[in-house]
Amino acid sequence: MRHIDRCDKPSVLERNADRWLEEFKASGANRPDCSKYAHQEVREYLMNMSHSKCFYCENPLKGKPREVDHHVEVSVDKDKAFDWQNLYLSCHKCNHKQNEFRIASAETLDPCIDSDDEIRQHLTYDRELILPVGTSVKGEKTIKKYHLEREELDFLRMKQLQKLNEVIEDIDSQMIADRRQEMTVDEKRRLLSFTLSSQPFSYMCEVYIRKRRPMAFT
């Protein structure tokens, strides 16, 4: 999970959200029409915001099923059915999160509110395994609510770490050949490219590099 800056509201919501909400509440339905809150324009805005990654697990979603999630469930607050601030891009499995009655969204990290520094206070990694920091209840509840510890994610994160390790080994070999103790600026950039918000599992890679090659951040 990384912090995500929310962009301006899509025009389709500016024009229609109030009317759609009135129609939804008057209908007596339990769920709003997904063709409205997950309109193509809404999806495109969310994709651009997150670099086409799931807001919660950072799994790339290009060419994969993606869903528009109500961060606070409609079953808890119908008024948020078409609220731009409550719409998040999610992979299918993160969207099938622990319901609001078991773990409330207010008790977990929120990528659109919490800064990267705040996220670092509650979540960390041991290689590909996501963990709460110390005894952080918020970190533990975030992992449980969005199933961030699932095996599928462990495998994908491990594959990304393999790519990162190949770069580390290549840099190490070059440093030995050149009899250098310090990385060059370009070598640091190669490593830190894995931590860019546009990259998969960028926070995990940041944690890994800080443990293995902290000099990259100096």
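## First stop: a loop residue

Select arginine 127: its relative accessibility is 45%, so this residue counts as partly exposed (buried means under 20% relative accessible area, exposed over 50%, and partly exposed in between, using a 1.4 Å probe and protein chains only). You'll find arginine 127 in the loop between strand 3 (123-126) and strand 4 (129-132). Helices (H or I, at least four residues) and strands (E, at least two) are DSSP runs, numbered from the N terminus. Arginine 127 isn't a glycine, yet it has a positive phi of about 55°.

Before moving on, a word on what you're looking at. This is a predicted model, where local features need pLDDT of at least 70 and side-chain atom pairs count only at pLDDT 80 or more, while totals for chains, interfaces and linings use all residues. Residues are numbered from 1 along each chain as its sequence is written, and side-chain values use heavy atoms, leaving out hydrogens and water.

## Next: helix 3

Now select residues 40-49, which form helix 3; Glu41, Val42, Leu46, Met47 and Met49 are buried there. What covers them? Show helix 1 (11-27), helix 2 (34-37), strand 1 (67-70) and strand 2 (87-90), which are included in the cover. Step just past helix 3 and you reach histidine 51, with a positive phi of about 55°.

## Then: arginine 150 and a helix pair

Go to arginine 150, in the loop between helix 6 (137-145) and helix 7. At 13% relative accessibility, arginine 150 counts as buried. Its side chain makes a polar contact with the side chain of glutamate 152, at 3.2 Å. (A polar contact is a pair of N or O atoms within 3.5 Å; within protein, one must be able to donate a hydrogen and the other to accept it, and residues adjacent in sequence count only if both atoms are side-chain atoms.) Setting aside residues up to four places away in sequence, arginine 150 touches Cys57, Cys91, Lys93 and Cys94, where contact means heavy atoms within 4.5 Å.

Select helix 7 (residues 151-177) together with helix 8: their axes come within 10 Å and cross at roughly 165° (axes are lines fitted to C-alpha atoms, for helices over the stretch in contact, and angles run from 0 to 180 degrees between N-to-C directions). That makes the two helices roughly antiparallel, a label for angles over 145 degrees. To see the contact, show Leu164, Val167, Ile168, Asp170, Ile171, Gln174 and Met175 of helix 7 with Glu187, Arg190 and Leu191 of helix 8.

## Last stop: from helix 8 into helix 9

Which residues does threonine 195 touch, not counting those up to four places away in sequence? Select Arg2, Ser202, Cys205, Glu206 and Ile209 to see them. Threonine 195 sits in the loop between helix 8 (185-192) and helix 9 (202-212), and its side chain reaches the backbone oxygen of leucine 192 at 2.7 Å. At 13% relative accessibility, threonine 195 counts as buried.

Phenylalanine 201 lies in the loop between helix 8 and helix 9. It is buried at 4% relative accessibility, and has a positive phi of about 50° although it is not a glycine.

Finish at tyrosine 203, in helix 9, which is buried with a relative accessible area of 4%. Beyond its neighbours within four places in sequence, tyrosine 203 is in contact with Met1, Arg2, Glu58, Ile119, Arg120, Leu123, Thr124 and Tyr125.

Terms used: Angles under 35 degrees count as roughly parallel, over 145 as roughly antiparallel, 65 to 115 as roughly perpendicular and the rest as oblique.
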